[in-house]
Amino acid sequence: MPERIVTCRVLSGRGSQCTGEAVDPNAELLICARHLAEAQRLIHQAFQRARRKEST
């Protein structure tokens, strides 16, 4: 019997669910690699903005 695939829980702006496989199917946050990378990029940008604000 094949193992059940757990999908990403991110919804698009139109309300359709992402069909990517979750990076960690046992985690509290079920997110695929694509959305994980996007979140990391956004967090990095936020830290960069905060750092620039501190230096001014």
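I5 counts as exposed, at 55% relative accessibility. Here exposed means over 50% relative accessible area, buried means under 20%, and partly exposed falls in between, with a 1.4 Å probe and protein chains only. I5 sits in the segment before α1.

The model is predicted: local features need pLDDT of at least 70, side-chain atom pairs count only at pLDDT 80 or more, and totals for chains, interfaces and linings use all residues. Residues are numbered from 1 along each chain as its sequence is written, and side-chain values use heavy atoms, with hydrogens and water left out.

Now the overall fold. The protein has one helix and zero strands. Both are DSSP runs, numbered from the N terminus: helices are H or I with at least four residues, strands are E with at least two. The radius of gyration is 16 Å, well over the 10 Å that the globule rule gives for 56 residues, so the protein is more spread out than a compact globule. That radius is taken over C-alpha atoms, and the rule is 2.2 Å times the number of residues to the power 0.38. Along the principal axes, the C-alpha atoms fill a box of roughly 60 × 25 × 15 Å.

Next, contacts and surface. Contact means heavy atoms within 4.5 Å. Among contacts with a separation of 6 or more, 9% come from residues 24 or more positions apart. Buried residues make up 14% of the 56 residues. The protein exposes about 5100 Å², and carbon and sulfur atoms supply 54% of that area. Accessible areas come from the Shrake-Rupley method with a 1.4 Å probe; for residues, only the protein chains shown count as cover.

The charges come next. There are 9 positive and 6 negative side chains, and the centres of the two sets lie 12 Å apart. Lys and Arg count as positive, Asp and Glu as negative; His and the chain ends are not counted. Each charge is placed at NZ of Lys, CZ of Arg, CG of Asp or CD of Glu.

Turn to the cysteines. A search of the whole structure finds zero disulfides. C8 is in no disulfide, and the nearest cysteine sulfur, that of C32, is 3.8 Å away. A disulfide is taken as a pair of cysteine sulfur atoms within 2.5 Å. C18 also has its closest cysteine sulfur in C32, at 3.8 Å, too far for a bond. C8 is buried, with a relative accessible area of 0%. C18 is buried too, at 15%.

L11 is exposed, with a relative accessible area of 54%. Leaving out residues up to four places away in sequence, L11 touches S16 and Q17. The C-alpha atoms of L11 and Q48 are separated by 27 Å.

E54 lies in helix α1. E54 is exposed, at 69% relative accessible area. The C-alpha atoms of E54 and H35 are 29 Å apart, and the two residues are 19 residues apart along the chain.
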